[in-house]
Amino acid sequence: MTASTHKLTVSRLTKRFGDLEVLRGINVDIDRGQFVSIVGPSGCGKTTFLRIVGGLEHSDSGEARIDGRVIDGPGTDRGFVFQQDNLLPWRDVVSNTEIGPEINGKLGPEQRARTKKLLELVGLRGFESYYPRQLSGGMRQRVNLARALAVDPDLLLMDEPFSALDAQTREIMQTELSRIWEEGKKTVLFVTHQIDEAVYLSDRVLVFGRRPGRVSEDITIDLPRPRPLDIKRTPAFVAYVEHIWKLIENDVRVSVLEEHVG
Amino acid sequence: MTQQALSMENKRTPDPSPFRGLGGLFTHDRRWAWGSILGGLALWEFISRVVVGSKLFLAAPTQVVMAMIELTSSGEIWKHVWTSSLEFFLGYFVACFLGVALGLAMASSRAAKAALQPWVSGLYATPTVALAPLFILWFGIGIFSKVVVVAVLVIFPVTINTETGLLTTSKNLIETVRSFGASSRQIFFKVSLPSALPFIFAGFRLGIGRGLIGVVVAELFGARAGLGQLISQSAETFNMPNLFAGVTILAIAGIAMTSGFQALERKLIPWRE
């Protein structure tokens, strides 16, 4: 295998659920340290794609490789941040965060120190011994993120992690994620419905079309970092959002109609 | 959100206890609760002394208390309490153990589920206490027949609750630990089992009441000693104070075990809302 700068290489990936063709011939290369978002209408297969990369789902043909290794199941080289926080209610913040290392037998004083740093990084210092039911939605998502980072993954996979949050919390979490990413420069694959969220966070946005799901455009976001929230009102930012919206507008209309017709 | 706001949120955890009324004795509205109890006892005392007027049919609360003191000082009561306790706890623990095992089997194997389901549902719905005379015929009037009756009554709620608890484990939680590469063994011990614990404990709690019924009913049909035997013997000799003494001890045991069990649940599963 030649040493490439690609962290993730996906080639000719297809997936069907029965008669439904969900993904057709996906080809994607993602560079080390890149923040890449996937946007697209409901039913475009973006979550399925992420789950295949996470090893939670198998593709029908084609393959996905991380550092040249073919993905055939879950592993600690990837950290999955789910849409729901999925915290274990009987574990406090620390032991929820450490479940990944625990499962892989890597719990110890070293991990303790790392967990402490991580919780500080996601802004949960002082909440170590809280139980999930004692936390707000935003804080639970911070634990969700810390839990994925605790296995020190090469690739962070995020499936609409902020979609259940209210608009204000969501914006705060976007800036936080941006800050955390700039500190660690992990490779991130981020699925979202929200175009402005994708543009704000990403180096690249992959636009997915629907039925079957495929990459319809690959857009490089050339905005300076760090990005303050008010960058969302600059003409360059708005132009990106407009451009992406035009690309998926038609698909979105069709999918909305389909949902209403049933 | 500030720490203060959070800690305030924690304070209003609702009390899911079905015995809230009993808990109320020690908190608010206690005047009404105590008043009601004392009023009821006074009415009972009045009816039995003035209206009925015969110890052969109804014993007054004061007479019951006297009977309990007498049974205790003569030492007779301990024989009964010891026998019934032994029967109860043997049957109860065996049933809890087997019930959890059966529930596990039904939750983890399709074949086990298909094979066991008709028996479990059928026998749970049957008032199996009606089989007590049969067990006494089979196993004699010693403690073994009572242990069997208790076990048969307790095992089914435990089995059903264990199975339900394991099957209602959130798929999302399972998938989350799976994404970290958890084995099925790890999934069971780190997710399914803790998630089923509140259900399993509810099954144990249901078992307490059913087990007590089992002890008493089985003893009524023939026993050498035990609270049920005390009750049936007292009824035959029209000794109402002793009869009510036996019933009172059983009531106290039931209340004490159930509320003790709830305290244990709060300790062991504090995350339950």
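A: **A helix crossing in chain B**

The axes of H5(B) and helix H8 (residues 143–167) of chain B come within 6 Å of each other and cross at roughly 35°. Axes here are lines fitted to C-alpha atoms, for helices over the stretch in contact, with angles running from 0 to 180 degrees between N-to-C directions. Sorted by class, the residues of the contact between H5(B) and H8(B) come out as 22 nonpolar, six polar and three charged. Nonpolar covers Ala, Val, Leu, Ile, Met, Phe, Trp, Tyr, Cys and Pro, charged covers Asp, Glu, Lys and Arg, and the others, Gly among them, are polar.

A word on the ground rules: this is a predicted model, so local features need pLDDT of at least 70, side-chain atom pairs count only at pLDDT 80 or more, and totals for chains, interfaces and linings use all residues. Residues are numbered from 1 along each chain as its sequence is written, while chains are lettered from A and ligands numbered from 1 in the order in which they are written.

Stepping back to the whole chain, chain B has 12 helices and zero strands. Helices (H or I, at least four residues) and strands (E, at least two) are DSSP runs, numbered from the N terminus. Buried residues make up 33% of the 273 residues in chain B, buried meaning 20 or more other C-beta atoms within 10 Å of the residue's own, exposed 12 or fewer, and partly exposed in between, with C-beta atoms placed from the backbone. Among the contacts in chain B with a separation of 6 or more, 73% are between residues 24 or more positions apart; a contact means that the C-beta atoms of two residues, placed from the backbone, lie within 7 Å.

The model as a whole scores ipTM 0.85 and pTM 0.78.

H5(B) also turns up beside H11(B). The buried residues of helix H11 (residues 227–236) of chain B are B:Leu227, B:Gly228, B:Gln229, B:Leu230, B:Ile231 and B:Ser234. These pack against helix H5 (76–108), H10 and helix H12 (240–268) of chain B. Just after H11(B), B:Phe238 takes a positive phi of about 55°.

H10(B) leads on to H9(B) and from there to the partner chain. In H9(B) the buried residues are B:Leu173, B:Thr176, B:Val177, B:Arg178 and B:Ser179. They pack against H10 of chain B, and also against helix H1 (46–54), E6 and helix H3 (99–103) of chain A. After H9(B) comes B:Gly181, with a positive phi near 85°.

As for the interface itself, 20 residues of chain B are in contact with 22 residues of chain A. On chain B's side, helix H1 (3–11), helix H9 (171–179) and helix H10 (184–220) are the elements that give two or more residues. H9(B) supplies the largest share, seven residues. By class, that side of chain B has nine nonpolar, seven polar and four charged residues.

A:Asn86 sits in the loop between strand E6 (78–81) and helix H2 (93–97) of chain A, and has a positive phi of about 50° although it is not a glycine. A:Asn86 is buried, with 23 other C-beta atoms within 10 Å. A:Glu160 likewise has a positive phi, of about 40°, without being a glycine; its place is the loop between strand E7 (155–159) and helix H6 (167–184) of chain A. A:Glu160 is partly exposed, with 19 other C-beta atoms within 10 Å.

Chain A also has an open sheet of four strands, antiparallel, in the order E2-E1-E4-E5. Its edge strands are strand E2 (20–31) and strand E5 (69–70), each pairing on one side only, where pairing needs at least two DSSP bridges. Eight bridges join strand E1 (residues 6–17) of chain A to E2(A), and A:Thr9 stands opposite A:Asp29 in E2(A).
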